[in-house]
Amino acid sequence: MGAATSAAVADLLFARIEWALLPAYVLWTCALVALAMCDGLTQRIPTPLIRRSIVVVCLALIAGAGSAGHWTLLLAAAAWIIASAAALLLAWRFAGAGFGDVRLAVLGGVGLGFATPTSLLIGLGAWAAVTAGQAVTASARDGSLRTRVALGPGLATAFLVAACIPT
């Protein structure tokens, strides 16, 4: 699943990025898909897996951006890391999101260096659609509106869509 998604993301980003950045985005996609699947199946995101994923993807992005001369990409990625982590920290504090979702937002922010305001809005819509679909399915299955829903699959979808939509 992760390899197929990575191939699709690499194909969509190929026209906009240089070869040096491709490994970082493939690693980013694989990590997002793997962590979203863990969260979707178990409603837990393994802390050691996400920490290592963040480190490996950041190092790959630094190496790729450094060799390609895309220093503004690193600054944009750092800004998106802070923004997405801050948004999910607020959700963790006030809306009951898990702290694994905050870590997933940090990883997701790494890949948003090429995102535009339009692609971010489309990604936000994708997050809402996936999470609403999960909520409807979970409440229909359990018969309760208090059923917990994993946010990881929606988050991963939002980050992948926001990074890949060329606008």
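1. Helix α7 is mostly covered: eleven of its 13 residues are buried. Buried means under 20% relative accessible area, exposed over 50%, and partly exposed in between, with a 1.4 Å probe and protein chains only. The buried set is Gly152, Pro153, Gly154, Leu155, Ala156, Ala158, Phe159, Leu160, Ala162, Ala163 and Cys164. The span of α7 is as it should be, because 13 residues at 1.5 Å each predict 18 Å and the end C-alpha atoms are 18 Å apart. The expected span is 1.5 Å times one less than the number of residues.

2. The basis of these values matters. This is a predicted model, in which local features need pLDDT of at least 70, side-chain atom pairs count only at pLDDT 80 or more, and totals for chains, interfaces and linings use all residues. Residues are numbered from 1 along each chain as its sequence is written, and side-chain values use heavy atoms, with hydrogens and water left out.

3. Confidence next. pLDDT is the predictor's confidence in each residue, from 0 to 100. The protein chain has a mean pLDDT of 83, and 89% of its residues reach 70 or more. Where pLDDT is low, the predicted coordinates should not be read in detail.

4. On the fold, the protein chain has seven helices and zero strands. Helices (H or I, at least four residues) and strands (E, at least two) are DSSP runs, numbered from the N terminus. Of the 167 residues, 42% count as buried. Contact means heavy atoms within 4.5 Å. Among contacts with a separation of 6 or more, residues 24 or more positions apart account for 73%.

5. The largest nonpolar core has 39 residues, of which Trp28, Leu32, Leu61, Leu104 and Leu107 touch the most other members. Elements giving two or more residues to this core are α2 (22-42), α3 (47-68), α4, α5 (99-110) and α7 (152-164). The largest share, nine residues, comes from α2. A nonpolar core is a set of buried Ala, Val, Leu, Ile, Met, Phe, Trp, Tyr and Cys residues joined through side-chain atoms within 4.5 Å. Leaving out residues up to four places away in sequence, Leu104 touches Leu32, Leu35, Ile45, Ile50, Gly152, Leu155 and Phe159.

6. Look at Phe159, in helix α7. Phe159 counts as buried because its relative accessible area is 8%. Beyond residues up to four places away in sequence, Phe159 touches Trp28, Leu32, Ser84, Leu104, Ala105, Gly108, Gly109 and Leu112. Phe159 and Gly109 are 50 residues apart in sequence, yet their C-alpha atoms are 7.5 Å apart in space.

7. Ser84 sits in helix α4 (residues 71-94). Its relative accessible area is 11%, so Ser84 is buried. The Ser84 side chain reaches the backbone oxygen of Ala105 at 2.8 Å. Residues up to four places away in sequence aside, Ser84 touches Ala105, Val106, Gly109 and Phe159.

8. Arg103 lies in helix α5. At 19% relative accessible area, Arg103 is buried. The side chains of Arg103 and Thr47 are joined by a polar contact of 3.2 Å. A polar contact is a pair of N or O atoms within 3.5 Å; within protein, one must be able to donate a hydrogen and the other to accept it, and residues adjacent in sequence count only if both atoms are side-chain atoms. Neighbours within four places in sequence aside, Arg103 is in contact with Thr47, Ile50, Arg51 and Ile54.

9. Helix α6 (residues 117-142) has 26 residues and reaches 37 Å from first C-alpha to last, close to the 38 Å expected. Ser119, Gly123, Ala126, Thr131, Ala138 and Ser139 of α6 are buried. Their cover includes α7. Gly143 follows α6, with a positive phi near 75 degrees.

10. One backbone point to check: Gln43 has a positive phi of about 55 degrees although it is not a glycine. Most residues other than glycine have a negative phi. Gln43 is found in the loop between α2 and α3. Gln43 counts as partly exposed, at 40% relative accessibility.

11. Cysteines last. The whole structure has zero disulfides (pairs of cysteine sulfur atoms within 2.5 Å). Cys58 is partly exposed, at 22% relative accessible area. Cys164 is buried, at 7% relative accessibility.
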